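Work through the exercises below with the sequence and the 3D structure at hand. Try each task before reading its solution.

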Amino acid sequence: MLASASLGCRTPTCCNVHQQTRNNFMAKTQNNNDKLMMADWRGKQCNSKKSSRVVKCGGGIGLGDFIGGDLVKLDIGRWLSDVEEHKALAIYTPHEGGYEGRYLSRLQRQGYYFLDLTARGLGDPETTLTKVHPVCPPHLGKQPIARWYFPPEVDYRLEALPPNAKGLVVWIIEAKVLSKAELQFLALLPTLRPNVRVIAECGNWRKFMWKPLSEIAGLTTSQEA
C-alpha cells in the first residue's frame, strides 16, 4: 500500500491535478492583486479629487500657485520708490523667510552695495556706525583685558565704494530688539549720510510689507509719512 501510494503521487493524472490546482491558485491570487490595485488606484483618485476640492473651497487658486509666489511681486516699483523717498524703511517678513531676497536683489540691480548687520550685539548704533568705537576681545580669564579700536562701519564702507555705486544700504536683521531711541537714530542716519539707505527687519507678518522707519520710531505719524 505504501509503495502504491508513493508511486501513485507521481502518476501523470496526479501531476495534472496538482498543476491545475496551482494554476487556479495563481489566477485567484492575481485577481485579488488586481482588485487591490484597482481599489488603491480608485482611492488615490478619490483622495486627489477630494483634496483639490478642499483647496478650491479654502482659499482659491491664484497665479502664484502655478509659477511660484516668490516670482509674482507687483509692488517692486513701489518698493524702489519708497526706498528713494523715505530712505529708511522698517520691513516685516513672513516667518518662513526668503521673500526679502527678491527686494534685496532689485536694490543690487539699481547699483546699491550692502552692509549686513545684526541688531544683537550691535551695541550703540551711533557709535558703531559713525564713530571710532572700541571692541574688547574675550580674555578668557588669562590674558589682560585689551581694547581694540575700529573705524566707523558706515564711513569705512562709503570710502570703499566704487565710483559707479549708487549708495550703501545698511540692512539690519532682528531690529525688533532695538529700543525706540536706537530706531530713531537709524531713521535719521540717511540725513547724516546722504548716500546711505537703512532697511531694518522689525518683525514678521503674513506677507512682505514695509513702513517708513521714522513712523515706527515715533518721529512722524502715518499722515505725515
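A nonpolar core is a set of buried Ala, Val, Leu, Ile, Met, Phe, Trp, Tyr and Cys residues joined through side-chain atoms within 4.5 Å. The structure shown is a predicted model.

**Exercise 1.** Find the residues of the largest nonpolar core that touch the most other members, and state which elements supply the core.

Solution. Step 1: the largest nonpolar core holds 27 residues, and V154, L186, C202 and L213 touch the most other members. Step 2: at least two residues of this core come from each of β1, β2, β5, α8, β6 and α9. Step 3: with 5 residues, α8 gives the most to this core. Step 4: leaving aside residues up to four places away in sequence, L186 touches A88, P125, L129, I172, L178, V198 and L213. Step 5: another core, of 14 residues, lies apart from the largest one and includes Y103, L107, Y112 and W210.

**Exercise 2.** Check the length of helix α8, then list its buried residues and what covers them.

Solution. Step 3: L183, F185, L186, A187, L189 and P190 are the buried residues of α8; buried means under 20% relative accessible area. Step 4: the cover over these residues includes β1, α6 (125-130), α7 (153-159), β5, β6 and α9 (213-217).

**Exercise 3.** Write down the strand order of the open sheet of 5 strands and explain what sets its edges apart.

Solution. Step 1: the order is β2-β5-β6-β1-β7, and the pairing is mixed. Step 2: β2 (112-118) and β7 (209-212) are the edge strands; each has a single partner strand, so one side of each has no neighbour in the sheet. Step 3: on average, neighbouring strands of this sheet are turned by 25° against each other, direction ignored.

**Exercise 4.** Describe how β1 pairs with β6, and which helices lie on the sheet.

Solution. Step 1: β1 (residues 88-93) and β6 (residues 196-204) run parallel and are joined by 6 bridges. Step 2: A90 has A200 in β6 as its bridge partner. Step 3: helix α8 (residues 180-192) packs on the sheet and touches β1, β5 and β6, with its direction at about 150° to that of β6. Step 4: helix α5 (residues 100-109) lies across β1, β2, β5 (167-173), β6 and β7, and runs at about 140° to β2.

Notes: Residues numbered from 1 in each chain as written. Predicted model: local features only at pLDDT ≥ 70, side-chain atom pairs only at ≥ 80, totals over all residues. Heavy atoms only, no water. Pairing = 2+ DSSP bridges. Helix = DSSP H or I, 4+ residues; strand = E, 2+ residues; numbered from the N terminus. Axes fitted to C-alpha atoms, helices over the stretch in contact; angles between N-to-C directions. Contact = heavy atoms within 4.5 Å. Expected span 1.5 Å × (residues − 1). Buried < 20%, exposed > 50% of the residue type's maximum accessible area, 1.4 Å probe, protein only.
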